[in-house]
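Morning, everyone. Please look at the model first.

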Amino acid sequence: MKHGAIVLASASPRRTELMALAGIEFTVVAADICEDALPGEKPSEHVIRLSREKADAVARTTAGRFFIGADTVVVLDDTIMGKPVDDADAFRMLTALSGRKHEVITGFTVFDKVSGIHLSRSVHTEVTFRNLTEKEIWDYIASGCPMDKAGSYAIQGGAVHFVRSISGSYTNVVGLPMAELYEVLQTVEALP
């Protein structure tokens, strides 16, 4: 597959790193779409819709054949926890997650611009946090790390010690379920 055939429609450095670690040749073009949930939209529907919209938005303006869009949410008690709007919002989210299980859901879409086919999947991972102190939470917020992360944390970053256990895909929690994505790319013959 020639260079530029696979385009990752994401500004996420974590997704870029995961794709590179998998040895996939790709280019990156960030998608600029509204990420608000629709009324009554279930979390898995939300991430799949956004992943498709991201792939389509970039495909309209960018050369390439296969476009990968992805979106990740943290879900606690059936409620989507998006990116925090400020420090107080990050504190609210992390306090709610403390000592509890939650779900991380990533939706991804591979859009084949030549055939017009979209292949979308959602991957669910259960994450359990240990009990966090207020000081730990505020120290983490002071690092700036939570501000652009769903649920206000990054498992591969400064919150690595918050996580007691995960059940499911680790790379899904980072932001892109690589085993599942790789299988879809093999299916559409995007990989050599």
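Helix 3 (residues 87–97) packs on helix 4 (residues 134–142) at about 135 degrees, with the axes 10 Å apart. Helices here are DSSP runs of H or I, at least four residues, and strands are E runs, at least two, numbered from the N terminus. Axes are lines fitted to C-alpha atoms over the stretch in contact, and angles run from 0 to 180 degrees between N-to-C directions.

This is a predicted model: local features need pLDDT of at least 70, side-chain atom pairs count only at pLDDT 80 or more, and totals for chains, interfaces and linings use all residues. Residues are numbered from 1 along each chain as its sequence is written, and side-chain values use heavy atoms, with hydrogens and water left out.

Who meets whom? From helix 3, Asp87, Ala90, Phe91, Leu94 and Thr95 touch Glu134, Ile137, Trp138, Tyr140 and Ile141 of helix 4 (heavy atoms within 4.5 Å). By class, that contact has seven nonpolar, one polar and two charged residues. Nonpolar means Ala, Val, Leu, Ile, Met, Phe, Trp, Tyr, Cys and Pro; charged means Asp, Glu, Lys and Arg; the others, Gly among them, are polar.

Now the pocket. The lining of the largest pocket divides into 17 nonpolar, seven polar and nine charged residues. A pocket is an open set of points on a 1 Å grid where a 1.4 Å probe fits, with protein on both sides within 12 Å along at least five of seven lines; lining residues have an atom within 4 Å of a point. Asp71, Thr72, Lys83, Asp148 and Ala150 lie nearest its centre. Strand 3 gives the most to the lining, four residues.
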